[in-house]
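Work through the following exercises with the sequence and the model beside you. Try each task before you read its solution.

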Amino acid sequence: MATINEIQDEIIEEFAGFDDWMDKYQLLIDLGNEQEPLDEQYKTESNLIDGCQSRVWLQADFVGMRNDEGEMRDVIQFRAESDALIVKGIVSLLIRVLSGHTPQEILDAELYFIDEIGLKEHLSPTRSNGLLAMVKQMRMYALAFQAKA
């Protein structure tokens, strides 16, 4: 499995192919649409992320998963959905980067792809706050699962 930084580098490369921000927004929308819808049972009040202008549900599960060498590792699987197209794309990027990694890897990760692809500067202040809220919530799950382990 690719490391968090390898996945971030892939994303940076994908976005580098576009100069125009309208094209980058379209890529975000496409990524959001490719994401599997979140099961209705997870669309609960407790899974809603505070601080997002649109509604974003985030489900995290702590599961055992074999790595490429066949060793079992306890990793966090994230699934999410939003009722806003661009936000759905943003959360799908975060899931792509962080899902399938250990709590420690998630806590240690520096999410540089957000700045590198220019996402922060092209989001409205409320969307930017929402992005930070999503990252914060994913890190909170990592802390909680790490404490349990």
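**Exercise 1.** Decide whether Phe145 is buried, partly exposed or exposed.

*Solution.* Begin with the cut-offs: a residue is buried under 20% relative accessible area, exposed over 50%, and partly exposed in between, with a 1.4 Å probe and protein chains only. Phe145 has a relative accessibility of 10%, so Phe145 counts as buried. Apply the same rule to Phe62, whose 28% makes it partly exposed. Before going on, note that this is a predicted model, in which local features need pLDDT of at least 70 and side-chain atom pairs count only at pLDDT 80 or more, while totals for chains, interfaces and linings use all residues. Residues are numbered from 1 along each chain as its sequence is written, and side-chain values use heavy atoms, with hydrogens and water left out.

**Exercise 2.** Find how many aromatic pairs the protein has, and classify the pair of Phe62 and Phe145.

*Solution.* A pair of aromatic rings is described by the distance of the centres and the angle of the planes. Rings of Phe, Tyr and Trp (its six-membered ring) pair if their centres lie within 6.5 Å, and planes under 30 degrees apart count as stacked, over 60 as edge-to-face and the rest as tilted. The count by this rule is four aromatic pairs. For Phe62 and Phe145 the centres are 4.9 Å apart and the planes make an angle of 15°, which is a stacked pair. Next, locate the partners: Phe62 belongs to strand β1 (residues 56-66) and Phe145 to helix α6 (residues 125-148), so the pair ties together parts that are 83 residues apart in sequence. Helices (H or I, at least four residues) and strands (E, at least two) are DSSP runs, numbered from the N terminus.

**Exercise 3.** Which residues do ring pairs link into a cluster with Phe145?

*Solution.* Start with Tyr141 and Phe145, whose ring centres lie 6.2 Å apart with planes at 20°, so this pair is stacked as well. These two residues are four apart in helix α6, a separation of about one helical turn, and both are buried. Ring pairs then join Phe62, Phe78, Tyr141 and Phe145 into a cluster.

**Exercise 4.** In what order do the helices and strands follow one another?

*Solution.* First count the elements: there are six helices and two strands. Then read from the N terminus, which gives the order α-α-β-β-α-α-α-α.
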